[in-house]
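This report covers a single protein chain. It begins with the terms of the analysis and then turns to the chain itself.

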Amino acid sequence: MEKFSRTVRGYDPDEVNAFLDKVINQVEAMVNEINDKDRKIKELQEQIEDNNGLKDKLEQYERMEETLNKAILMAQKTSEQIKVNAHKESETVIEDAKRNANRIINEALLKAEKIENESNLLKRNTTIFKKRVREIIEAQLEIVDELNEIEI
């Protein structure tokens, strides 16, 4: 607390005025400090709001990342399943093709055997036919020879 010297009409006005100037300067400094602090508080609140907005965006991006990771995992599982199904289907197609090839080969072998048998039968029949024709011709020749021997 400040003490003032006394004069005839009360306290010394110069001392009081100097004190008041000092108080005014201190009050103005405090007001300026309060205003600075208010401005800093507002800036910090804006930063907090910005940070909250960024937090919200970050959370949104994290949710999107989680969703994308789930989608990637699902796509990988689906891809693996498609590969497995394609492999099974290709094995089935190959097995069917092998069965069809074996069936075709067996049918071809049976046809070839049948044709060979028919060919052998035709050869035998041709040989028998030639033999009979020869016998008939020889018999006819014998008749001709006999006719030559007979004089008419």
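## Terms and model

A salt bridge is counted when a side-chain nitrogen of Lys or Arg is within 4 Å of a carboxyl oxygen of Asp or Glu. The model is a predicted one, in which local features need pLDDT of at least 70 and side-chain atom pairs count only at pLDDT 80 or more, while totals for chains, interfaces and linings use all residues. Residues are numbered from 1 along each chain as its sequence is written, and side-chain values use heavy atoms, with hydrogens and water left out.

## Overall form

The secondary structure of the protein chain consists of 1 helix and 2 strands, where helices (H or I, at least four residues) and strands (E, at least two) are DSSP runs numbered from the N terminus. In sequence order the pattern is β-β-α. Strand S1 covers 6-7 and strand S2 covers 10-11; helix H1 takes in residues 13-149.

The radius of gyration of the protein chain is 63 Å, whereas a compact globule of 152 residues would have one near 15 Å. That radius is taken over C-alpha atoms, and the globule rule is 2.2 Å times the number of residues to the power 0.38. Along the principal axes, the C-alpha atoms fill a box of roughly 210 × 20 × 10 Å.

Two residue pairs give distances along the chain. Arg-9 and Glu-33, 24 residues apart in sequence, are 37 Å apart in space from C-alpha to C-alpha. For Glu-66 and Val-93, 27 residues apart along the chain, the C-alpha separation is 40 Å.

## Exposure

Of the 152 residues in the protein chain, 1% are buried. Buried means under 20% relative accessible area and exposed means over 50%, with partly exposed in between (1.4 Å probe, protein chains only). The protein chain exposes about 14,700 Å², of which carbon and sulfur atoms supply 57%. Accessible areas come from the Shrake-Rupley method with a 1.4 Å probe, and for residues only the protein chains shown count as cover.

Arg-9 is located in the loop between strands S1 and S2. Its relative accessibility is 82%, so Arg-9 counts as exposed. Glu-66 belongs to helix H1 and is partly exposed, because its relative accessible area is 45%.

## Salt bridges

How many salt bridges does the rule give? The count comes to 7. One of the bridges joins the side chains of Arg-99 and Asp-96, with an N to O distance of 2.1 Å. These two residues are separated by about one helical turn because they are 3 residues apart in helix H1. Asp-96 has 32% relative accessibility and therefore counts as partly exposed.

Glu-33 and Lys-37 also meet in a salt bridge, at 3.1 Å from N to O. Both lie in helix H1, 4 residues apart, or about one turn of the helix. Glu-33 is partly exposed because its relative accessibility is 42%, and Lys-37 is partly exposed because its relative accessible area is 46%.

In the bridge between Arg-103 and Glu-107, the closest N and O atoms are 3.2 Å apart. Here too the residues lie in helix H1 with a spacing of 4 residues, about one turn. Relative accessible area is 41% for Arg-103, which is therefore partly exposed; Glu-107, at 39%, counts as partly exposed as well. Elsewhere, salt bridges with shared partners link Asp-36, Arg-39 and Glu-43 into one network.

## Charge and surface patches

The protein chain has 26 positive and 34 negative charges, and their mean positions are 3 Å apart. Lys and Arg count as positive and Asp and Glu as negative, while His and the chain ends are not counted. The place of a charge is taken as NZ of Lys, CZ of Arg, CG of Asp or CD of Glu.

Patches are made of residues with over 30% relative accessible area and no salt bridge; like charges are joined within 9 Å, and nonpolar side chains (Val, Leu, Ile, Met, Phe, Trp, Tyr) within 5 Å. A surface patch of negative charge is formed by Glu-135, Glu-138, Glu-142, Asp-145, Glu-146 and Glu-149. Glu-149 lies in helix H1 and, because its relative accessibility is 65%, counts as exposed.

A nonpolar surface patch consists of Phe-129, Val-133, Ile-137 and Leu-141, which together have about 380 Å² of accessible area. Leu-141 is in helix H1; with 47% relative accessibility, Leu-141 counts as partly exposed.
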